[in-house]
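Me: I have a model open and would like to know what stands behind the words used for it. Could you take me through them?

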Amino acid sequence: MSSASRYLGWLSAVLVPPGRKPAGGGAKSRAVLGYATGYPAAELMPFVRSLRAVFDGEIVLTADDRPDVHALFAEYGVTAAAPLPSGDWSPHPVMERFAAYDAWLAAHPEVEQVLLTDVRDVMFQGDPFARPARTLEVFIESEDWTLADHAFDQKYLKALVGPDVAALIADQPCLCVGTVFGPVSAVRRLCKAILLLSAIPRSAIGGIFGADQAACNLAVHLGLVEADIRPNYDRVATLSERIEPRIRPDGLIANPDGGASPVVHQYDRHKLLFDAVREQWGAPADVAVRGRSKSTGDRFRRAVVSFNRRLPEFR
């Protein structure tokens, strides 16, 4: 006997089944996709400006309908993607984005390679597509930690599949869902795997922040999708608080071995790097304050949405 499900109802409306590909146009074969809702143009500047300095392909960001964002996108040739239609309920943007990515890629079959990436805390030091990928690439977040060491991942792995299944992959490396690279067909498979894995054991879990990371680790480490697990400081450098930040004489953010990755993630966790990126790419000083002030009404609405996403669903 089935019962209503907010997450599964939303998912059925946004999934793009195979074979339903609208005709795409244009000659672009590479694209960078990101989900940037909730941010003013000032917070998107380092991402957009540093990427456009090294990459002349398609940049597609889902963002809010704001004049400052439109002006930034127009100046740097960024395509603004419309958010997915929302009804009475929608998941957290970190989950919603994978349905949006899948839908956009389905509508643009001319794109062959794609980078899915976080936006606010990512900047670029080289062309991410300089070395094409033969298969899906996922990236280790904490090179010295396994999933068993990572409390955040453990929390959501157990929420999705329970402690016994989570234990099956506890000795595997932590993969960061914030950057994913590869051929479009493989990337779309991962998007669908994340969305579907997040529907268990109760669909309310699928709507919350953290479910995306857990589902990505499950999909790859359980072999549900084939992927090349790439070391940290390869195509992507993910900078934890535990590293000693360093800037090379040429101005690039240095990896521990002295090299420089084309994609830098979580640079904002280090004031030295954050200030250097802001100075080079133009974000104003007040962006350093992450807790932007919100009205009491905004806080109340966010609390209601967060509560509704966590309600259990009986089925």
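Reply: Gladly, starting with a definition: helices (H or I, at least four residues) and strands (E, at least two) are DSSP runs, numbered from the N terminus. By that numbering, Ser261 sits in the loop between β9 (236-238) and β10 (263-265). This is a predicted model, where local features need pLDDT of at least 70 and side-chain atom pairs count only at pLDDT 80 or more, while totals for chains, interfaces and linings use all residues. Residues are numbered from 1 along each chain as its sequence is written, and side-chain values use heavy atoms, with hydrogens and water left out.

Me: Why is Ser261 called buried?

Reply: Buried means under 20% relative accessible area, exposed over 50%, and partly exposed in between (1.4 Å probe, protein chains only). Ser261 has 2% relative accessibility, so it counts as buried.

Me: Which residues is Ser261 in contact with, leaving aside its neighbours within four places in sequence?

Reply: Contact means heavy atoms within 4.5 Å. On that basis the list for Ser261 is Gln125, Tyr233, Asp234, Arg235, Val236, Ala237 and Asn255.

Me: What makes β4 and β7 a pair?

Reply: Two strands pair if DSSP finds at least two bridges between them. Strands β4 (residues 113-117) and β7 (residues 175-183) have 5 bridges, in the antiparallel sense; in one of them, Leu115 of β4 is partnered by Phe181 of β7. Both belong to an open, mixed sheet of 7 strands, ordered β3-β2-β1-β4-β7-β6-β8. Because β3 (79-81) and β8 (228-230) each have a single partner strand, they stand at the edges.

Me: What is meant by the largest nonpolar core?

Reply: A nonpolar core is a set of buried Ala, Val, Leu, Ile, Met, Phe, Trp, Tyr and Cys residues joined through side-chain atoms within 4.5 Å. The largest has 54 residues, and Trp10, Leu33 and Leu116 touch the most other members. Helix α6 (residues 184-197) gives this core its largest share, 9 residues. Apart from it lies another core, of 27 residues, including Val69 and Val263.
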